[in-house]
Amino acid sequence: MSYILNIETSTSVCSTALCQDGNVIFANKSTEGPSHSVLLGTFVAEALEFIKNNELKLDAVAVSSGPGSYTGLRIGVSMGKGLCFGYGIPLIAVPTLKIIASKAISLNNKANETLYCAMLDARRMEVYASIFDRELTTCRETAADIITPETYEEFLNKGPVCFFGNGAEKCKTVITHPNAMFMDQIYPLAEDMALLAEDAFTKGEFKDVAYFEPFYLKDFVATVARNKVF
C-alpha cells in the first residue's frame, strides 16, 4: 500500500492531493490566482496533519514537472524536494501536459481515432503543447508552438483532434479545421496526478532529489517594468 502526496503548481491553480494506491483520500485546491507561495505551505501542512492523525506513512512525493509557470514550478518542486529530504522518501515527476491529457481522455471516454492536444498558455499566440493518443502514448513531443491555421494541420487532416488546457481558448478562432474540437475547463490538478504517480512509484521511476529541475522548455527571462526608476 502506497501513500503519495501530489503537488501541482504549474499554472495559476494551486493544488495538492494525498493518494492511497492511486485513489485520492485528501485534497486541497485554489483556482483564485497565483498565490502558491502562500497557499502551498498551508495545503501541505494540512495533508501532513491528515497523515499524522490517521497514523499513515508517506511513501513518496510527486510533483508536476512542467512545462508551465517558471515561478509556480519552482515553488512546487522546491516544496517537493524539501519533503523528500525531510522524510527520506523518493521524488516522482509527472509531466504537466500528460496530467491534463489523462483528464481529457477520461472525460472523452477514450474516443476512437481522436488525438489529444494538451496546451498551456505561453503568452501571445504561443503555447506549450504535446499530442497524445487515447492510450496516453505521446504522438508528438512537447514543443513551443506559434498558433496559425496550419500549426496542427498534419494531424487534423488525418482525423479528429481535441484541444484543451489554458492555451486552447485563444486557438478557437484560429484553428477552424472541421476535425478540430475544443474541451473547456481542463487545467492541471494534483488529484489528476494520482494514477500517473502511482504507476511511476510501482515502476520505481524516481528522480534525483538533489539535482532534479522542472522542465521549463524555455529559459526564464526577467523583465523590468517600463516605469522602473533606478
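Mentor: A residue is called buried under 20% relative accessible area, exposed over 50%, and partly exposed in between, with a 1.4 Å probe and protein chains only. This is a predicted model, in which local features need pLDDT of at least 70, side-chain atom pairs count only at pLDDT 80 or more, and totals for chains, interfaces and linings use all residues. Residues are numbered from 1 along each chain as its sequence is written, and side-chain values use heavy atoms, with hydrogens and water left out.

Trainee: Is E55 buried or exposed?

Mentor: E55 has a relative accessible area of 74%, so E55 is exposed. Although E55 is not a glycine, its phi is positive, at about 55°.

Trainee: What is the phi of D21, and what is its relative accessibility?

Mentor: D21, which is not a glycine either, has a positive phi of about 50°, and because its relative accessibility is 33%, D21 counts as partly exposed.

Trainee: Which residues does the cis peptide bond join?

Mentor: The cis peptide bond joins G66 and P67, with omega at about 5°.

Trainee: How should I read the classes of residues that line the second largest pocket?

Mentor: Ala, Val, Leu, Ile, Met, Phe, Trp, Tyr, Cys and Pro count as nonpolar, Asp, Glu, Lys and Arg as charged, and the others, Gly among them, as polar. On that basis, the lining of the second largest pocket has 13 nonpolar, five polar and six charged residues.
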